[in-house]
Amino acid sequence: MKFQEMTAFEINDVDRENILVVLPIAAVEQHGPHMPTGTDNFLCTGVAEALEQAMPEKILLAPTQWLGASAHHLRIGATLDTPLEVYIETLMGMARSVLNDGFRRILLLNGHGGNIDPMRVALRRIQNEYVDRLLTAACYWDVADELIKQALEGGHKFVGHACEFETSMLMHLRPELVKGELLKDAGELISDNLGGVYVSRDLRQRTAEGCTGRPDLASAEKGSVLFAGIVEALTATVDSLLAQPTGTEYADHLF
């Protein structure tokens, strides 16, 4: 079920207890010389829509919130950003909208690294208002760590930025948007970790051209495998979230 394609009366008839409301969140920002600024939006939306198609009776899919927390890309340019506090409040508002409408389970499905901290803060801030609900959040790739490690050939066995992973995924979904002639090794990624201490650096400080890893090793075939595996893993995640009881306390889980 797609929220924006339904009438208010149809949504009113949706089972609040046995449906997971999926709220995709992404970003529009620079993705190096070879990828479009809408990469995160295209990928997150593509995964979310494929998930809804796989289990339409179990999901109520909201439209993707394309504006994200992207301040760490601004100095490179070609980036749309919203201040952190505004973004956190936006996510809280999105969540409250469906929770106050009676839905009992939500998933913020994220497609942008910069949104990770804000989405967790947003859920933390509203947690005490909805202790009888299931409030969850994840990056769409979180459910497929092993698949990603096995599929990627470069030294970066993780999801970076305009990297081997994202480039492969977009080659699968929107190949006409990838500038193949510009694919190359992105060079060294300057770490944001110094002996266990987090160092706040933006993408201009950490990368040569605003991308990471080995996009030159990307392929549509690799993207197809990754996409299918992620959607399959997410269907299992949805079933798991729908099986989780709501309104429980610690003692309720003791046997």
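This is a predicted model: local features need pLDDT of at least 70, side-chain atom pairs count only at pLDDT 80 or more; totals for chains, interfaces and linings use all residues.
Reader: What is the strand order of the open sheet of four strands?
Author: Strands (E, at least two residues) and helices (H or I, at least four) are DSSP runs, numbered from the N terminus. Two strands pair if DSSP finds at least two bridges between them. In this open sheet the pairing is parallel, and the order is E2-E1-E3-E4.

Reader: Which are the edge strands?
Author: An edge strand here pairs on one side only.

Reader: How many bridges join strand E1 to strand E3?
Author: E1 covers residues 20-25 and E3 covers residues 105-110, and the two run parallel. Within this part of the sheet, Ile-25 stands opposite Asn-110 in E3. The number of bridges joining E1 to E3 is five.

Reader: Which residue in E2 is the bridge partner of Val-22?
Author: E1 and E2 run parallel and are joined by three bridges. In E2, the partner of Val-22 is Leu-61.

Reader: And in E4, which residue is the bridge partner of Leu-107?
Author: E3 and E4 also run parallel, with six bridges joining them. The partner of Leu-107 in E4 is Thr-136.

Reader: Is E1 largely enclosed or largely open?
Author: Buried means under 20% relative accessible area, exposed means over 50%, and partly exposed lies in between (1.4 Å probe, protein chains only). In a regular strand, side chains alternate between the two faces of the sheet. Leu-20, Val-22 and Pro-24 are buried on one side of E1, and Val-21, Leu-23 and Ile-25 are buried on the other. Six of the six residues of E1 are buried, so E1 is largely enclosed by the rest of the structure.

Reader: Which strands does helix H4 touch?
Author: Contact means heavy atoms within 4.5 Å. Helix H4 (residues 116-126) packs on the sheet, and its direction makes about 175 degrees with that of E4. The strands that H4 touches are E1, E3 and E4.

Reader: How far apart are the axes of helices H2 and H6?
Author: Two packed helices are described by the angle between their axes and the distance between the axes. Axes are lines fitted to C-alpha atoms, for helices over the stretch in contact, and angles run from 0 to 180 degrees between N-to-C directions. H2 (residues 39-54) and H6 (residues 164-173) pack at an angle of about 65 degrees. Their axes are apart by 10 Å.

Reader: Which residues in H6 meet H2?
Author: On the H2 side, the residues are Thr-39, Asp-40, Phe-42, Leu-43, Gly-46 and Val-47. In H6, the residues they meet are Glu-166, Met-169, Leu-170 and Leu-173.

Reader: What covers the buried residues of H6?
Author: Eight of the 10 residues of H6 are buried, so H6 is largely enclosed by the rest of the structure. Among these buried residues are Glu-164, Phe-165 and Met-171. The cover includes H2, helix H5 (145-151) and helix H8 (220-243).

Reader: Is Ala-162 buried or exposed?
Author: Ala-162 lies in the loop between H5 and H6. This residue has a positive phi of about 50 degrees although it is not a glycine. At 0% relative accessibility, Ala-162 counts as buried.

Reader: And is Ala-78 buried or exposed?
Author: Ala-78 is in the loop between E2 and helix H3 (84-99). Its phi is near 50 degrees, a positive value in a residue other than glycine. With 57% relative accessibility, Ala-78 counts as exposed.

Technical notes
Residues are numbered from 1 along each chain as its sequence is written. Side-chain values use heavy atoms; hydrogens and water are left out.
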